[in-house]
Amino acid sequence: MCGRFACYTPFAQLAALMRLPVAPRLPEQEPPPRYNVAPGTWITSLAMDGEVVPSFTSMWWGYRPHWAQAGAPEPINATVEKVATSRYFRGAFARHRCLVPADGWYEWLPGEAGKQPYFLCREDRAPLWLAAIFSERADGRPGLAILTEPARGCASEVHSRMPLALDDGSLEPWLDPALSDRDVMRQTVRHLPAGAFGAWPVSTRVNRAGEEGSDLMEAVQAPG
C-alpha cells in the first residue's frame, strides 16, 4: 500500500522536470517540504482537469466521489487490478488521472519488537511520480487515491504492495484525457523497473503523523 510519503523536492524543480511553463510564485504559495505526508491532508498533485497543459493543484488525500453516499468508503489507495473495472473508480480512471510527486514512501515491516518503518525511494534519489486518480468530492474540491501494484524488488521485502511509480515516458500518456482505453493504457504506461528502488530502516518517530523533518529518513539499525 502507500499510506505515508515524503515530498521535499522544490516546486520549481518539479515543474522543470515536467517542462511546465510555470510563472514565478510568492514564497508563501510554494508548497513546503514535507517529510511525513499522511492521509486525510491536502497534498500537491499534477493534473490536466480541463487545462491545455498540466498544472499543480491541491487535492485531498482520500477518494470519495460526490455521487457516493455520505457513509461510503474514502480509500487512500486503489489497486491497479481493479481500478479500471470497479464502479467506484472506473470513471475517474478513464477521465480523471493525476500524478503525485514524491521523493519516497514509508512502509512498515512487522517484527518481534513491533513494526519497523522503512523509507523507500529511487536509488538515484530522483523524484517519483505516483499514478493516482481523483474525483470531485461533496464539497466541490478534488480528492484522490494513489494506485498500488504488487511489490517488486527490494519493496517486496518490506510489504506485499507498493505505489505505482511511472517511468518518464509514461507521465504524459497517464495525464492525457484522450487516452481512456484500458488495453491501450496497459501497452502505453509503464512502471519504473524493480531495480530502481532502494530501502532502509528509519526511526519509529515517523509512526506519529505530526512528526516532520529530514532526519526522519536517516537510516537506523533495524532491531534483530
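**Figure 1. R95 sits in helix α2.** Helices here are DSSP runs of H or I with at least four residues, strands are E runs of at least two, and both are numbered from the N terminus. This is a predicted model, in which local features need pLDDT of at least 70, side-chain atom pairs count only at pLDDT 80 or more, and totals for chains, interfaces and linings use all residues. Residues are numbered from 1 along each chain as its sequence is written, and side-chain values use heavy atoms, with hydrogens and water left out. Is R95 buried or exposed? With a relative accessible area of 56%, R95 is exposed. The cut-offs are under 20% relative accessible area for buried, over 50% for exposed, and partly exposed in between (1.4 Å probe, protein chains only). Look also for I133: R95 and I133 are 38 residues apart in sequence, but their C-alpha atoms are 8.7 Å apart in space.

**Figure 2. T85 is in the loop between β5 (77-79) and α2 (90-95).** Its relative accessible area is 41%, so T85 is partly exposed. Which residues does T85 contact, leaving aside neighbours within four places in sequence? They are R90 and R182, where contact means heavy atoms within 4.5 Å. T85 and R182 are 97 residues apart along the chain, yet 9.3 Å separates their C-alpha atoms.

**Figure 3. I76 is a buried residue in a loop.** This loop runs between β4 (55-61) and β5, and I76 counts as buried because its relative accessible area is 18%. Residues up to four places away in sequence aside, I76 touches M1, C2, G3, P39, W61, L144, A145 and I146. One of these, W61, is 15 residues from I76 in sequence, and the two C-alpha atoms are 6.1 Å apart.

**Figure 4. The cysteines of this structure form zero disulfides.** A disulfide is a covalent bond between the sulfur atoms of two cysteines; here it is taken as a pair of cysteine sulfur atoms within 2.5 Å. C2 is in no disulfide, and the nearest cysteine sulfur, that of C7, is 12 Å away. C2 is also buried, at 0% relative accessibility.

**Figure 5. R19 and R125 each have a positive phi.** Most residues other than glycine have a negative phi. Phi of R19 is near 55°, and phi of R125 is about 65°. R19 is in the loop between α1 (11-17) and β2 (34-37), while R125 is in the loop between β8 (116-122) and β9 (128-136). R19 counts as exposed at 71% relative accessibility, whereas R125 counts as partly exposed at 47%.

**Figure 6. Stepping back, the chain has four helices and twelve strands.** The radius of gyration is 17 Å, close to the 17 Å that the globule rule gives for 224 residues, so the chain is as compact as a globular protein of that length. This radius is taken over C-alpha atoms, and the rule is 2.2 Å times the number of residues to the power 0.38. How many of the 224 residues count as buried? The share is 48%. Among contacts between residues at least 6 apart in sequence, 67% join residues at least 24 apart.
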